[in-house]
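I open this page to keep a record of what I looked up, entry by entry.

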Amino acid sequence: MAGDLSLGDYYIDAGRYRALESCAVRAGDILMSLVGTFGQALVVPPEAQPGIINPRLVRLSLDPRLILPEFFCYWLQCERTRKLLASAAQGGTMGVLNAGIVKNLTLGRPPIDEQKAIVAALTAVDRRLDSEIAAKASASELKSALMSVLLTGELRVTPDPEPE
């Protein structure tokens with residue numbers, strides 16, 4: 001899961017969707033990877049297209065009056081939780097979690113107002129990181145373009161004259 005619900009190419013028709021509707025994902029649900037990138041999670045946004053959960057994911061539906069889905073996703077990303085999940089994973093080459101392991105996780109639950117503040121702080125840091133990653137990518141593209149024209153002689157650079 002790359003944080004993008006549009007990834008993938010599994011499609012079912014409306015009849016099959018109705019038959020599997022108990023497995024439908026809804027806004028506010030948390031989808032967590034159980035295989036390979038286990039523990040990676042995202043919150044299903046309100047604008048998400050209707051869908052059925054992939055068997056390599058687990059759907060968590062939390063009571064938002066008790067725990068914010070975004071708070072839970074950040075909790076899944078913290079180093080302590082990642083180590084706990086890694087130690088519980090089964091399999092050799094590709095770690096695999098099962099829903100029972102997730103059910104037995106213990107989460108400290110601060111009050112909702114504190115959860116909101118934590119989510120706001122971490123979201124602000126995420127935005128800054130995203131912005132810096134985009135700026136680095138843009139600078140790398142500029143460097144590649146410059147190298148292309150400078151090193152092939154397509155663009156000539158005249159050195160500044162030495163001051164006397």
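Is Trp75 buried or exposed, going by its relative accessibility? I found that Trp75 counts as buried because its relative accessibility is 15%, where buried means under 20% relative accessible area, exposed over 50% and partly exposed in between, with a 1.4 Å probe and protein chains only.

Before going on, I noted that this is a predicted model, in which local features need pLDDT of at least 70 and side-chain atom pairs count only at pLDDT 80 or more, while totals for chains, interfaces and linings use all residues. Residues are numbered from 1 along each chain as its sequence is written, and side-chain values use heavy atoms, with hydrogens and water left out.

Entry on the aromatic rings. I searched the whole structure and got one aromatic pair. Phe72 and Trp75 form this pair, which is tilted, at 5.4 Å centre to centre with 35° between the planes; the rule takes rings of Phe, Tyr and Trp (its six-membered ring) with centres within 6.5 Å, and calls planes under 30 degrees apart stacked, over 60 edge-to-face and the rest tilted. Both residues lie in helix α2 (residues 69-77), three residues apart, about one turn of the helix. Phe72 also counts as buried, because its relative accessibility is 8%.

Entry on the cysteines. I looked for disulfides, meaning pairs of cysteine sulfur atoms within 2.5 Å, and the count came to zero. Cys73 counts as buried, since its relative accessibility is 7%, whereas Cys23, at 30%, counts as partly exposed.

Entry on Asp113 and its helix. I located Asp113 in helix α5 (residues 112-151), and at a relative accessible area of 62% Asp113 is exposed. Asp113 and Leu68 are 45 residues apart in sequence, yet their C-alpha atoms are 9.9 Å apart in space. Helix α5 has 40 residues and reaches 57 Å from its first C-alpha to its last, close to the 58 Å expected at 1.5 Å a residue, the expected span being 1.5 Å times one less than the number of residues. Gly153, which follows α5, has a positive phi, near 85°.

Entry on the whole chain. I counted five helices and three strands, these being DSSP runs numbered from the N terminus (helices H or I, at least four residues; strands E, at least two), and along the sequence they follow the pattern α-β-β-β-α-α-α-α. Buried residues make up 23% of the 164 residues in the chain. Of the contacts (heavy atoms within 4.5 Å) with a separation of 6 or more, 69% are between residues 24 or more positions apart.
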